[in-house]
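Please read these points beside the sequence and the model.

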Amino acid sequence: MTETRKLTQTPEWKALTEHHGKIHDTHLRTLFADDPERGKQFALEALGLYFDYSKHRITGETMQLLVKLAEGCDLRGRIDAMFGGEKINLTENRAVLHVALRAPIDKQIMVDGVNVVPEVHKVLDKMAAFSERVRSGEWKGHTGKRIRNVINIGIGGSDLGPVMAYEALRHYSQRDMTFRFVSNVDGTDFAEATHDLDAEETLFIIASKTFTTLETMTNGRTARAWALETLGDEAAVAKHFVALSTNAAEVSKFGIDTANMFEFWDWVGGRYSMVSAIGLSTMIAVGADNFRRMLAGFHEMDEHFRTAPFEQNLPVLMGLLTVWYADFFNAQTVAVLPYDQYLKRFPAYLQQLTMESNGKQVTTSGERVDYETGPVFWGEPGTNGQHSFYQLIHQGTKLIPCDFIGFTRSLNPHGAHHDILMANLFAQSEALAFGKTEEEVRAEGTQDWLVPHRVFNGNRPSTTILAESLTPEMLGKLIALYEHSVFTQGIIWGIDSFDQWGVELGKVLAQRIMPELDGHANSELKHDSSTNTLIRRYREQKGNG
């Protein structure tokens, strides 16, 4: 996208604004009534995914105009730039190459004149060898006992990806091992993760690129002390701790053998890193073969995104629909509703992916945007959410586009369970789209005073994503689908989807406040009156504890 191009002043944006004015009140009931084949026309099948976007407030003209917007923003050129290793993370002057993490060994992806794919596979092979040693019992703890517990210590992308992937692929995991994840600096997180474990059988994976991340290293040092309380010998650290890092000096200082340090690169952002060394816990859980199957799924979606025409490109269509609702319907959120319990952490994972990427208020040229950027992503698995927040989606005052994700085959078939689950998925998208009119409510014999309460306006948009089953390949495809949708949105909005300066200020201020919490109650504080009062209250009550 040309840096001086004012998005809202472009012909493509103006055409969409005019078009929205014509169709924004058109009901989905009308759109389906006018086109009996609509359910097939606005659906796309690719890579084993069936993507039904017919229940969106769009027409064929809408999609043509959205595609023209993408073309006008040079989406194709920016896709090529990313895959070509150009430094598209402008504010940090970095390439953005999570796609290299799942590229086959025979691919060539260049960064500063160097093909990075062989180095990626070197790390993958090292991870696979280590994982097999742990899974088979060859790797022993300090006292000779087999490792039965693995605890990943990280935060942000070093936690959310591994947690989500482990839960999603638990069906494929080694069941005689326990996997837990510690991220919160709240000591309760560590205490609960370790309270029933034997240190002699526990391996900690500490994930911190710099090995200085405050939360991660605080938990790491606590883990070290916890392990040594039982094991006694400092030499035990090398048998019970490994590092995902690039800081060999700090790793060695901690007591970890640098031969057990797994590296990654600055062209991989944290929220895109789950298939780098950050995925070591996932690989130990499901095995190298299943991990590579997941990588293959990622790569299939990468290639689809890179090569498919925009009109038939799953991530592009998803991204354009997000822009359509955020900027033309003022929709503030997107609900992600997986009808599969294994995907219970998928919405939480997407929160970081989407909101850390596109929660930006200036363009890459530093100009303040005059349109909405990243919406809030949230959700829960079905059918739990139906008894929680669906009421607001159906009859509330806010427009909330929804992504329903389901599978035609359950990994755990039990009687009619899966039919009931999927019937609910299909019913919810139908109810959101078409609602229930006043006439229909009255025809049921409803008393007059109750009629308004039982009317569903409908016209609530949703996408249904349907696949056969949740395999490692399919998980990779789903994650990459959302990754590239986020990229598409960012290119349209002209923002840098790969930096995250917004997380820095709070960190800096926390470092300033930490020593003040141990200060004397009457020592000088130089914050605002609210923060000063809160710190004094904390110090007073902490001292009385």
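**Notes on the model**

1. S410 sits in the loop that runs between β12 (402–407) and α17 (417–434), where helices (H or I, at least four residues) and strands (E, at least two) are DSSP runs, numbered from the N terminus. Residues are numbered from 1 along each chain as its sequence is written. The model is predicted, so that local features need pLDDT of at least 70, side-chain atom pairs count only at pLDDT 80 or more, and totals for chains, interfaces and linings use all residues, while side-chain values use heavy atoms, with hydrogens and water left out.

2. With a relative accessible area of 22%, S410 is partly exposed, a class lying between buried (under 20% relative accessible area) and exposed (over 50%), for a 1.4 Å probe and protein chains only. The C-alpha atoms of S410 and T471 are separated by 11 Å, although these residues are 61 apart along the chain.

3. S410 is also among the residues nearest the centre of the second largest pocket, together with D340, Q341, H418 and L421, in a lining of 16 residues. A pocket here is an open set of points on a 1 Å grid over the protein atoms alone where a 1.4 Å probe fits, with protein on both sides within 12 Å along at least five of seven lines, and lining residues have an atom within 4 Å of a point. This second largest pocket holds about 400 Å³ of space, the volume being that filled by probe spheres set on the points, which are joined across faces, edges and corners.

4. The largest pocket has a volume of about 1,200 Å³ and is lined by 41 residues, of which T213, Q500, V503, E504 and K507 lie nearest its centre. The elements giving two or more residues to this lining are α7 (157–168), α9 (214–231), α15 (346–358) and α21 (504–513), and α21 provides the largest share, 5 residues.

5. Strands β1 (residues 43–46) and β2 (residues 49–52) pair in the antiparallel sense over 4 bridges, pairing requiring at least two DSSP bridges. L44 stands opposite F51 in β2, and the hairpin has 2 residues between its strands, with L47 in the turn showing a positive phi of about 55°.

6. The buried residues of α1 are E12, W13, L16, H19, H20 and I23. They lie on the same side of α1, because they cover an arc of only 125° around the axis, taken from the directions from the helix axis to the C-beta atoms. The face turned away from this buried side carries the exposed residues P11, E18 and K22.
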